[in-house]
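Thanks for taking a look at this one with me.

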Amino acid sequence: MRLRRNTDDEQLRLSDPEHHTVSRPLDRKCEQNPMRLMGILVVCLMVVSVLFSVSVVLRDPPSDGVWASEETKFLQVNPRKDAEDNLSWSAEEPKDKLLGGLLDAGFNERSCLSRYQSALYRKELLHKPSSYLLSKLRSYEALHKRCGPYTESYNRTLKQLQLGQHMEQSDCNYLVWISFSGLGNRILTLASAFLYAILTNRVLLVDPGADMPDLFCEPFPEVSWLLPLDFPLKNQFNSFDQKSPFCYGKMLKNKTLTDSSWSILPPYVYLHLVHDYDDHDKMFFCNQDQSFLQKIPWLIIKTDNYFVPSLFLIPSFEQELSNLFPVKGTVFHFLGRYLFHPTNVVWGLITRYYQAYLAKADERIGIQIRVFDTGIGPFQHVLDQIIACTMTENLLPEINMREPVVSSYGHQKSKAVLMTSLSAGYFEKVRNMYWEHPTVTGEVIGVYQPSHEEYQQTEKQNHNRKAWAEMYLLSLTDVLVTSSWSTFGYVAQGLGGLKPWILYKPENQTAPDPPCRRAMSMEPCFHAPPFYDCKAKKGVDTGAVVPHVRHCEDMSWGLKLVDDSKEHGAL
């Protein structure tokens, strides 16, 4: 908080009749002309009033809370040169601000405060990134610098695309990611696309959409990852679907790619990997199809799926992925920590809230609630499930219904519960429960919820700022409870390196029994995977092909990565 100028003391010195520099002349004039004295006093009061008004206008505007309201303009954090370049509660230098070598050290720290400050708010990495992954990231950064937007190679390849021509040989190939679906989906799919770009030696270019630059810092040094606004196909992105002429699935279905009349390869291919994709679109995950796609300089992808688990089932990628991630369950954790850094405006939301409500607690518990039931909540069965899970798993203490006060000696352990939900109802009930009754353990429980937007508003900038801030805040907790099927929770657990307790999806408005279970790993779930053996050309249970790709806890047909290596231990 900035120190306020002591204007009150200045006003006292001007108006105090006992002050020796003002009172003596006035006393002499007072004897000669009382009316003149009165005039001077009136003028002095007017001057003081003006000075006070100016001081109020010039000082920092008041805030009703640490979480800015929707009508309030967000403050872009630009640290002064004479101040600490640090928004955190601690002035110490992060022990490992480069996250074990994940991050490049050459960025301007002030342009993205979260990149190097995030280490102050997190525990040290449980797993270290492999030296092979670090080498690949540095190699990719060099490739991006050489081939990124407006470089000579980019301009040359773009010209061929504009002419509708296929380049036989190109030193730079590209993967264009279309901004699509909700924020949680976008984060997960962008990480998936980046991994695919690394595996295929492509440059990832990101469609800015409505708000990507407002939410995320640039992750690569010197050259932007954002697709230029003048990209020739950009105005077609919204219309790209399975019927698009260059959709890979459609070309396979129509046998266009095997037609003898097709003498020249297409200038680009559109990959439709949205949840409604069909069997022809899913051929993307076949080894022989990857061999063909390697020849195409421009791939454009639209997806709302975290498709990383199925990349581990493609034979040509298997060894490379094993070298990159010896511990299979750390893929999104490392890629997410490398790619996704909140912009300064979002980082301000995160750090202010953390400092105000979470920093001083002995333990922080995150509870992420996503309700798919129709109707107006809060629902009693959902509340019952949350309480049953947190108390059964000893995440939160039971309450004492008999005694108004529980005697406690020595230090009382404090727990801060961070709840996120579109509704305020669950937060209010849990907060009131711990306010109205003491805990049987004597622990002090504080319950907090940053926002309650009532319904998802993915098109609104302010909504997405808060959503990104809340995902990040959840990732800073020590223990996490998430809702089934929710990408919001997947992002939080992956960034935080947390194996959450997953609330089972309720059926028939009844709380499940048991209410929750511990996740096998911190990896997100691929909600719509293919079930096809490309070599045998028949259906197969892709959750039983290799030990490290299994079915998800919260979605029986989904796939997720787990660590099958005993030498690394459980995640």
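**Notes on cavities, rings and a helix**

1. The structure holds four cavities of 30 Å³ or more. Here a cavity is a set of points, on a 1 Å grid over the protein atoms alone, where a 1.4 Å probe fits but cannot get out, and lining residues have an atom within 4 Å of a point. Grid points are joined across faces, edges and corners, and a volume is the space filled by probe spheres set on the points. Please keep in mind that this is a predicted model, in which local features need pLDDT of at least 70 and side-chain atom pairs count only at pLDDT 80 or more, while totals for chains, interfaces and linings use all residues. Residues are numbered from 1 along each chain as its sequence is written, and side-chain values use heavy atoms, with hydrogens and water left out.

2. The largest cavity has about 150 Å³ of space. It is lined by 15 residues, and Arg370, Val371, Gln385, Tyr504 and Pro506 are the closest to its centre. Helix α15 (residues 380-392) gives the most to this lining, with four residues; helices (H or I, at least four residues) and strands (E, at least two) are DSSP runs, numbered from the N terminus. By class, the lining has eight nonpolar, four polar and three charged residues. For these classes, Ala, Val, Leu, Ile, Met, Phe, Trp, Tyr, Cys and Pro count as nonpolar, Asp, Glu, Lys and Arg as charged, and the others, Gly among them, as polar.

3. What lines the second largest cavity? Its space is about 50 Å³, and among its lining residues are Thr482, Tyr490, Cys525 and Lys560. Elements β8 (479-483) and α18 (487-496) each give two or more residues to that lining. The division by class is five nonpolar, three polar and four charged.

4. Turning to the rings, you will find 34 aromatic pairs. Rings of Phe, Tyr and Trp (its six-membered ring) pair if their centres lie within 6.5 Å; planes under 30 degrees apart count as stacked, over 60 as edge-to-face and the rest as tilted. Tyrosine 154 and tryptophan 298 make an edge-to-face pair, 6.2 Å centre to centre with 75° between the planes. Because tyrosine 154 lies in helix α6 (residues 152-162) and tryptophan 298 in strand β4 (residues 298-303), the pair ties together parts that are 144 residues apart in sequence. Tyrosine 154 is buried, at a relative accessible area of 1%, and tryptophan 298 is buried, also at 1%; buried means under 20% relative accessible area, exposed over 50% and partly exposed in between (1.4 Å probe, protein chains only).

5. Ring pairs also build a cluster, whose members include Tyr150, Tyr154, Phe240, Tyr270 and Trp298.

6. Two charged side chains are worth a look. Arginine 115 lies over the face of phenylalanine 107, 3.6 Å from the ring centre, and lysine 302 lies over the face of phenylalanine 180, 5.4 Å from the ring centre. The cut-off is that NZ of Lys or CZ of Arg is within 6 Å of the ring centre and within 35 degrees of the ring normal.

7. Finally, which residues of helix α12 (residues 315-324) are buried? They are Phe317, Glu320, Leu321 and Leu324. Seen down the axis of α12, these fall within an arc of 100°, so they line one face of the helix; the arc is that of the directions from the helix axis to the C-beta atoms. The face turned away from the buried side of α12 carries the exposed residues Pro315 and Gln319.

Key. 1 Å grid on protein atoms, 1.4 Å probe; cavity = no way out; pocket = protein on both sides within 12 Å on 5 of 7 lines; lining within 4 Å.
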